Amino acid sequence: MPTNKLHRCSWAESDPLLLAYHDTEWGVPEYDSRALWEKLMLDGFQAGLSWTIILKKRDAFRKAFKNFNPEKVARFGEADIARLLEDAGIVRSRAKIEATIGGARAYLAMQAAGEDFSQFVWALAGGKPLQNSQILTQSPLSEEMSKAFKKRGFKFVGPVIVYAWMQAVGIVNDHAANCFRRKAVRP
């Protein structure tokens, strides 16, 4: 008897939250500058942790970081850092919190210089999603983006973090060959 079970990337099948994220968000090309920045900051918070932890805390992160409004986050000071370090709803790492505040300032500096965040990252990627035939943890493009982000003042943007972010925002399509989402997110 045939089964109607959809084939997915194996990592998404262990948790209902991951499954929903996989089926609706992961790998879908994102072009909104603010949304791209938010996702890059969340990937920075994931460093050393599982993505499931970040997904479970995402709403709390959004509340704590004013819906990742760069103008508001860039104005955070020591009192805000102290407040965030007490917030059990998020990952309480001073270095990651300070990196997010600095990331907001770097994002705004790019804007002030006439550099749109979305146009910047998509130009580096050649303007369209890359279709990978093998799944990597980093690539020459993630190394290039990492260097470009660091040059602009971003932190927690090493090539492995940047590659995971590129997968999440659809810059690279790393859905498994038999995953039903692979064709769905192709341009």
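**Helix packing and overall form**

Tutor: Helix α2 and helix α3 (residues 51-64) pack with their axes 10 Å apart and at an angle of about 130 degrees. The model is predicted, so local features need pLDDT of at least 70 and side-chain atom pairs count only at pLDDT 80 or more, while totals for chains, interfaces and linings use all residues. Residues are numbered from 1 along each chain as its sequence is written, and side-chain values use heavy atoms, with hydrogens and water left out.

Student: Why is α2 called oblique to α3?

Tutor: Axes are lines fitted to C-alpha atoms, for helices over the stretch in contact, and angles run from 0 to 180 degrees between N-to-C directions. Angles under 35 degrees count as roughly parallel, over 145 as roughly antiparallel, 65 to 115 as roughly perpendicular, and the rest as oblique. The angle of about 130 degrees therefore makes α2 oblique to α3.

Student: Which hand does the crossing of α2 and α3 have?

Tutor: The crossing is right-handed; this term applies if the near helix is turned clockwise from the far one by less than a right angle, and left-handed if anticlockwise.

Student: Which residues make the contact of α2 with α3?

Tutor: Contact means heavy atoms within 4.5 Å. Glu38, Leu42, Asp43, Phe45 and Gln46 of α2 meet Trp51, Ile54, Arg58, Phe61 and Arg62 of α3. They divide into 5 nonpolar, 1 polar and 4 charged (nonpolar: Ala, Val, Leu, Ile, Met, Phe, Trp, Tyr, Cys and Pro; charged: Asp, Glu, Lys and Arg; polar: the others, Gly among them).

Student: What makes α2 oblique to α9?

Tutor: The axes of α2 (residues 33-46) and α9 (residues 159-168) cross at roughly 135 degrees and come within 9 Å. That angle is why α2 is oblique to α9. The contact is made by Leu36, Lys39, Leu40, Asp43 and Gly44 of α2 with Ile161, Ala164, Trp165 and Ala168 of α9.

Student: How many helices and strands are there in the protein?

Tutor: The protein has 10 helices and 2 strands, which are DSSP runs numbered from the N terminus (helices H or I, at least four residues; strands E, at least two).

Student: How do you know that the protein is as compact as a globular protein of its length?

Tutor: The radius of gyration is taken over C-alpha atoms, and the globule rule is 2.2 Å times the number of residues to the power 0.38. For 187 residues the rule gives 16 Å, and the radius of gyration of the protein is 17 Å, close to that value, so the protein is as compact as a globular protein of that length.

Student: What percentage of the residues is buried?

Tutor: Buried residues make up 47% of the 187 (buried: under 20% relative accessible area; exposed: over 50%; partly exposed: in between; 1.4 Å probe, protein chains only).
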